[in-house]
Amino acid sequence: MERLCTLDDIPDGGSKGALPGSRGRDQVLLVRQGGRVYGYVNNCPHYDRAPLGWKKDEFLNGAKDRIMCSAHGALFRIEDGTCEIGPCLGQALIPIRITVEGGQVFGEI
Ligand code: FES
């Protein structure tokens, strides 16, 4: 398990990137809903593993009820990462098992 950030680092109802990789690209995206955090690999299944965020730490659509890919607008369910609208319909983001303990967020990378 790798420590990714604190729970307070993620706005409730919002998102955050974690684990910066090459060229500063975050390898993981996190979405918080209350005390629950969902984590996915920051690769869109549609095209060449493109990163999803449209700017630093912003991975959600305007309504904040779906994860959105900035490249071609695919929308993914927060709960399981399945694409509901877009060119990769039916495909899914790769989930990361997340544990929140003592206000810290850990991921099984
Ligand atoms: S790369 Fe994500 S929708 Fe095309």
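User: Which residue in β6 is the bridge partner of Arg66?
Analyst: The partner of Arg66 is Arg77 in β6, with the caveat that this is a predicted model. The two strands involved, β5 and β6 (residues 75–77), pair in the antiparallel sense over three bridges.

User: And what sheet does β5 belong to, in what order?
Analyst: It belongs to an open sheet of three strands, ordered β5-β6-β7, in which the pairing is antiparallel. The edges are taken by β5 (66–68) and β7 (83–85), and because each has a single partner strand, one side of each is left without a neighbour in the sheet. On average, and with direction ignored, neighbouring strands of this sheet are turned by 40 degrees against each other.

User: OK, the sheet with β2 in it: what's the strand order there?
Analyst: That open sheet has four strands in the order β2-β3-β4-β8, again with antiparallel pairing. Its edge strands, which pair on one side only, are β2 (15–20) and β8 (95–96).

User: How many bridges hold each pair in that one,,?
Analyst: Between β2 and β3 there are five bridges, between β3 and β4 there are six, and strand β4 (residues 36–41) is joined to β8 by two.

User: Is β3 mostly covered or open?
Analyst: Strand β3 (residues 26–33) is mostly covered, with six of its eight residues buried.

User: What do the turns on either side of β3 look like,?
Analyst: The hairpin formed by β2 and β3 has five residues between the strands, and Arg23 in that turn has a positive phi of about 55 degrees. The hairpin formed by β3 and β4 has two residues between the strands, and here Gly34 in the turn has a positive phi of about 65 degrees.

User: Switching to cysteines: how many disulfides are there?
Analyst: The count comes to zero disulfides, where the cut-off is a pair of cysteine sulfur atoms within 2.5 Å.

User: Cys83 and Cys44, buried or exposed,?
Analyst: Cys83 counts as buried, since its relative accessibility is 2%, and Cys44 counts as buried too, at 3%.

User: What about the cavities, how many are there of 30 Å³ or more?
Analyst: There is one cavity of 30 Å³ or more, and the largest cavity has a volume of about 40 Å³. Cys44 is one of its lining residues, along with His46, Tyr47, Ala50, Cys69, Ala71, His72, Ala74 and Pro87. By class, that lining has seven nonpolar and two polar residues and no charged ones.

User: And the largest pocket, what volume and what lining,?
Analyst: The largest pocket holds about 230 Å³ of space, and the residues lining this pocket include Gly21, Ser22, Arg25, Gln27, Val28, Arg49, Ile96 and Glu108. Its lining has four nonpolar, five polar and three charged residues by class.

Methods: Residues numbered from 1 in each chain as written. Predicted model: local features only at pLDDT ≥ 70, side-chain atom pairs only at ≥ 80, totals over all residues. Heavy atoms only, no water. Buried < 20%, exposed > 50% of the residue type's maximum accessible area, 1.4 Å probe, protein only. 1 Å grid on protein atoms, 1.4 Å probe; cavity = no way out; pocket = protein on both sides within 12 Å on 5 of 7 lines; lining within 4 Å. Points joined across faces, edges and corners; volume = space filled by probe spheres on them. Nonpolar A, V, L, I, M, F, W, Y, C, P; charged D, E, K, R; others polar. Pairing = 2+ DSSP bridges. Axes fitted to C-alpha atoms, helices over the stretch in contact; angles between N-to-C directions.
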